Amino acid sequence: MTLYDIKPRFQALLRPRVVQLAAAGVTANQVTMAAAVLSVLIGAVLIWLAEWRLLFLILPVWLFVRMALNAIDGMLAREHGQKSVLGAYLNELSDVVADAALYAPFAFIPPFTPLTMGIVVLLSILTEFAGVMGPSIGADRRYDGPFGKSDRALVFGALACVVALWRPLPEWFGYAPHALMVLLALTVANRVRKGMKQAREKI
């Protein structure tokens with residue numbers, strides 16, 4: 001069970017707004033690129049001003065908005081005839097770039113380190129790569145947990161609140177990225193395992 005499982009309900013809430021955006025001529029690719037560009041800008045600002053911890057409170061708000069934008073671009077593509085090959089590439093690549101940009105600022109907050117957060121970013125990329133590999137072996141695009149994109153947004157939003165409001169962070173908090181690494185590794189393994197199982201069942 002992951003946050004991805006409640007996505008249909010979230011989409012139902014957004015559907016009226018999506019209809020309005022489509023009528024106004026907004027495209028799925030525009031929403032995708034806007035979310036990616038703003039994510040990179042927010043990540044850059046947080047890295048530049050990392051000592052201003054209260055700025056990290058921007059992150060949980062933006063992660064929620066970004067989740068909504070990701071749902072909106074998918075609905076525009078599927079429900080309003082905007083699917084395209086370019087859109088498929090932009091959707092996957094921009095997600096990886098945005099995740100890396102938004103997780104990177106934590107590397108500058110002690111007791112986290114660039115090494116541990118770099119590994120978290122790398123494993124996050126691998127989870128999405130493992131999911132995208134599904135269709136190449138005859139399976140679906142995999143979204144298995146326990147630490148998919150929506151779950152990561154929730155955890156990093158909570159982590160940003162802790163960074164902003166608890167200063168200085170205790171040394172033992174430096175082990176938090178190690179727990180994230182375990183969850184990410186399990187997610188990669190689950191997506192590979194279930195993708196292979198589904199592919200075999202289709203043969």
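**View 1. Ser94, a buried residue.** Ser94 has a relative accessible area of 10%, so it is buried (buried means under 20% relative accessible area, exposed over 50% and partly exposed in between, with a 1.4 Å probe and protein chains only). The model is a predicted one, in which local features need pLDDT of at least 70, side-chain atom pairs count only at pLDDT 80 or more, and totals for chains, interfaces and linings use all residues. Residues are numbered from 1 along each chain as its sequence is written, and side-chain values use heavy atoms, with hydrogens and water left out. Ser94 sits in helix 4 (helices are DSSP runs of H or I with at least four residues, strands are runs of E with at least two, and both are numbered from the N terminus). Its side chain reaches two backbone oxygens: that of Leu90 at 2.6 Å and that of Asn91 at 3.4 Å. Apart from neighbours within four places in sequence, Ser94 is in contact with Thr32 and Ala36 (contact means heavy atoms within 4.5 Å).

**View 2. Phe10 and Gln11 in helix 1.** Phe10 belongs to helix 1, which covers residues 7-23, and Gln11 is also placed in helix 1. Phe10 is buried, its relative accessible area being 18%. Gln11 counts as buried too, at 11% relative accessibility. Residues up to four places away in sequence aside, Phe10 touches Phe64, Met67, Ala68 and Ala71.

**View 3. The salt bridge between Asp99 and Arg66.** The closest N and O atoms of Asp99 and Arg66 are 2.7 Å apart in a salt bridge (a side-chain nitrogen of Lys or Arg within 4 Å of a carboxyl oxygen of Asp or Glu). Asp99 lies in helix 4 (residues 85-103) and Arg66 in helix 3 (residues 58-79), so the pair ties together parts that are 33 residues apart in sequence. Both Asp99 and Arg66 are buried. A search of the whole structure finds 11 salt bridges.

**View 4. Glu128 and its two arginine partners.** Arg141 forms a salt bridge with Glu128, with 2.8 Å between the closest N and O atoms. Because Arg141 is in the loop between helix 5 (114-132) and helix 6 (149-165) while Glu128 is in helix 5, this pair ties together parts 13 residues apart in sequence. Arg191 also meets Glu128 in a salt bridge, at 3.5 Å from N to O. Arg191 lies in helix 7 (residues 176-202) and Glu128 in helix 5, so this pair ties together parts that are 63 residues apart in sequence. A network of salt bridges links Arg66, Glu92, Asp95, Asp99, Glu128, Arg141, Lys149, Arg152 and Arg191.

**View 5. Helix 7 and its buried residues.** Helix 7 has 27 residues, which at 1.5 Å a residue should span 39 Å; the end C-alpha atoms are 39 Å apart, in agreement (the expected span is 1.5 Å times one less than the number of residues). The buried residues of helix 7 are Pro177, Leu180, Met181, Leu184, Thr187, Val188, Asn190, Arg191, Gly195, Gln198 and Ala199. An α-helix has 3.6 residues a turn, so residues three or four places apart point the same way. The buried residues of helix 7 pack against helix 5 and helix 6.

**View 6. A nonpolar surface patch.** Leu122, Leu126, Phe129, Met133, Ile137, Val192 and Met196 make a nonpolar surface patch of about 610 Å². Patches are made of residues with over 30% relative accessible area and no salt bridge, joining like charges within 9 Å and nonpolar side chains (Val, Leu, Ile, Met, Phe, Trp, Tyr) within 5 Å. Accessible areas come from the Shrake-Rupley method with a 1.4 Å probe; for residues, only the protein chains shown count as cover. Helix 5 and helix 7 each supply at least two residues of the patch, and helix 5 gives the largest share, three residues. Leu126 lies in helix 5 and is partly exposed, with a relative accessible area of 35%.

How values were computed: Polar contact = N/O pair within 3.5 Å; in protein donor to acceptor, adjacent residues only side chain to side chain.
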